[in-house]
Amino acid sequence: MVADSSNAPAILQSLLATPPLPISKNDSLTQKKQPSNEVASPVKSVIEDSSLAEDSSNTEDSMQVRLSHDTISVPLVRSVLYLGGGEASPWFFLGVLYALRDYRVPIDSVVGASWGAWVGALWTAGWSLDAMQRLMTDPAIAPYLNEDRLFPQTNSHSDFYLPIAKTGLPAMQARFSLESDTAGYVNLISRALDPDTAAMRYTFFKLRIQESLQRGTAGKKTPFSVIACDKFISNAPNDILQTLPIEGNVHSGDYCAMVPVPEITPPMLAIVPTPFPIRSGPPSANSWREAALSTSLKRLQALSDNSVVIIRPHSLSGLNSPESWMQAGYKAVEARLGDFTPLASRLRDYPSADDSIVSRFRYFPSFDSISAEFFSHISNYWPAKDTGIVAPRKFLEKILQSPLYDSVAMSLEYNGDLMISASVAPVLDFRVGGFGSNIFGPNAFGAASFRYVNQFEYLFGAEAFVGANSYGVRPEMKLSGVWQGNWDFFFAGDFCKWEPLRGYFHNQDPTLRIYSETRSDFSAGLHYTLDSLGVISFNVTLGESVFETVNTNEYGDLKTRSLFPRLDFIQQSDAFLPWFGSSGHSIDMQAGFRSVNLAVNGTYAAPLYLTSTVEAQQFFSPWEPLSLGVGVAGGVNIRREEGQGYEYPSPFLITTESEEVAITNWYRLHMNPTPWSTEWPFTELSSHHYGLVRASLGLHHGPLGAWLFAAYMRDFEENPSVNLDANRLILEPTLRFAYKSIEVRCGMNRLVDFDSVDKFKDIKDYQYFFKVGNY
């Protein structure tokens, strides 16, 4: 622990002038009166009883000592350890217990109140001190052993608070829950946007305390009593829990006395550790605790015939960590070793055995208090494959991601049943914001959604945007948590017009330009979650698009109708962030069939082909501000032609001899070597068959970052409409600001042939971009 205790027993023994004589507990013992020329023992009422050190319940108060011819009756001095409350007291008490063990001070019984009841319950149940230290310094417990964290103010914000949406497009967001009162009226209650992580951590903390009290199943190794407000109560785990100074405990020992004062029969030696220092310093908010402590100690001294050893730190200076408090407890015991001389003749060994207190292997969640319409949904959050304390921790983390659950409470029963209750209410979300780029210009954005639970989770939502040339509406309906919580169903629409700014593509060949697209798509699908393995999705999209190209004036509307069924598999780590991540990985595979019909003057062409893509990314950070990323991607569109084998899909024709090049490129696959390449289906990055390797380097701190993206691409199709070789390189330096949903990027982009690397030096030939949000 904190001191060299190899000579600890000798220190106590040296406090006695003469060693004690052997005694028997069956008869009164005699000790001859010492001659006057011998040094008399400073303590004449010391008894040695080896059986007492093992089991204080065998103590016989009638044991007496006879000294020489005169018999002096002296009742046995018993030691009682009193553990009370106070800020950081568990760590201080742990240091005291380490010292008592190292110096072999015998403890016959323990009385606890407040935090002392918890510490005493663990120690007397057989917890090793090292195991207790691991528990008390656990990140889930340690922060709450300070007074200011025991009653957390959850969802607290500063006076200046902007309700910025956490994800999605840059927007301000307002969230409301629909809750009914006792009169049956429905009220709209404002809700915080951020998950109540403080409440989740506090719930988990209380569960850890309760779980630790449940572990001692082999019975108490030392007699243990619990007292609350001068009244003995049961030492059952749930009763001990009610004495702790945590939220909701009206019977906490801290509300009446900082040190337990039971009815006792002297003589005895009371060992009273308390974290309140000898030098209190200036008055503080804890003055009422000092008054309670002083009153308790006076009463204790009166009851115990002044046989009290008060163990206190000298001052609060330097006591700012669990380790420093444990050190203070250890040193405070060393400073009072001389007061333990009545116990020195029966020093007790505390054998260091392996930890026999182990955590419960599995918890059995009970949702009986949950209403029937919510039972199925909330029970699906429980990770059935996880064991031990990991299962409730993951349960809380998962349920925290849903805005429907306002609060969750847990109570552990002795048989391992974990009683879970929760508050559930429908939620309304409203968002207003905007997005844009130098391709589409500025656009205003708004969205609304409604969520509720009835066996499953339902979501109904819609979002809309409008800009100078573009507009759109996207309705959505989603059903989540179906069939053991692993299946989700969704229906969505995409009705919009996209018209890029004419100035951005003014240098492009007119035959390659899409001047606008008016889209009407309907999608439906289902997702199946394979636990940590990933998500499998089956989606079907029926779409109709009207394009404006250079051929529109001559041939009228160029309308396509498409059918796109596909199967997706996505596996990614929790920490993964596309393009700008610091850690994590992602694997995305897609395969499906696509049929596209182009109508020109009532004539339809309908090629059917197989399409598949694969993409993998990995980020790592060798140094906190530095992020490195690597990735690979590839894809192919292919169909089987009767008598000719496999080939790429045929181009769209507007006459028997004239190809609609712009629309043909639109339905090719699009390489995404850099973030800016996802903004529009650029012709130079269009191919029926491609592969690429990319890398990124980023320096970032807080919301700001500077990134460099580079990629090598191979166009296996060798798209005839692109005036570049099949092997290409791209370079994209980017500056980024990101805070919650607000994301702003600016940079420049350059694509060259593999053999023209020197062109990267021509800054004037780069394409510059600016982007807000990512629609």
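1. Let's start with a cysteine: Cys-496 has a relative accessibility of 2%, so it counts as buried (under 20% relative accessible area is buried, over 50% exposed, and in between partly exposed, with a 1.4 Å probe and protein chains only). Cys-746, at 30% relative accessible area, is partly exposed. As for disulfides (a pair of cysteine sulfur atoms within 2.5 Å), the count is zero.

2. A word on what you are looking at. This is a predicted model, where local features need pLDDT of at least 70 and side-chain atom pairs count only at pLDDT 80 or more, while totals for chains, interfaces and linings use all residues. Residues are numbered from 1 along each chain as its sequence is written, and side-chain values use heavy atoms, with hydrogens and water left out.

3. Next, have a look at helix H3, residues 89-102 (helices are DSSP runs of H or I with at least four residues, strands are runs of E with at least two, and both are numbered from the N terminus). Its 14 residues reach 20 Å from first C-alpha to last, close to the expected 20 Å (1.5 Å times one less than the number of residues). Since 13 of those 14 residues are buried, H3 is largely enclosed by the rest of the structure. After H3 comes Arg-104, with a positive phi near 60°.

4. Now the nonpolar cores (sets of buried Ala, Val, Leu, Ile, Met, Phe, Trp, Tyr and Cys residues joined through side-chain atoms within 4.5 Å). The largest has 60 residues, and Trp-118, Met-132 and Phe-340 have the most contacts inside it. H3 gives this core its largest share, nine residues. There is also a second, separate core of 40 residues, and Phe-465, Tyr-504, Val-600 and Tyr-667 are among them.

5. On to strand S34, residues 767-772, which runs antiparallel to S15 (residues 427-437) and is joined to S15 by two bridges (strands pair if DSSP finds at least two bridges between them). Here Gly-436 sits opposite Val-772 of S34. S34 also pairs with S33 (residues 742-753), again in the antiparallel sense, over six bridges. Across from Phe-769 in S34 you'll find Gly-747.

6. Which strands each supply at least two residues of the lining of the largest cavity? They are S25 (608-623), S26 (626-641) and S30 (689-701). The lining includes Trp-579, Gln-617, Arg-694 and Phe-709, and the space inside is about 70 Å³.

Note on methods: 1 Å grid on protein atoms, 1.4 Å probe; cavity = no way out; pocket = protein on both sides within 12 Å on 5 of 7 lines; lining within 4 Å. Points joined across faces, edges and corners; volume = space filled by probe spheres on them.
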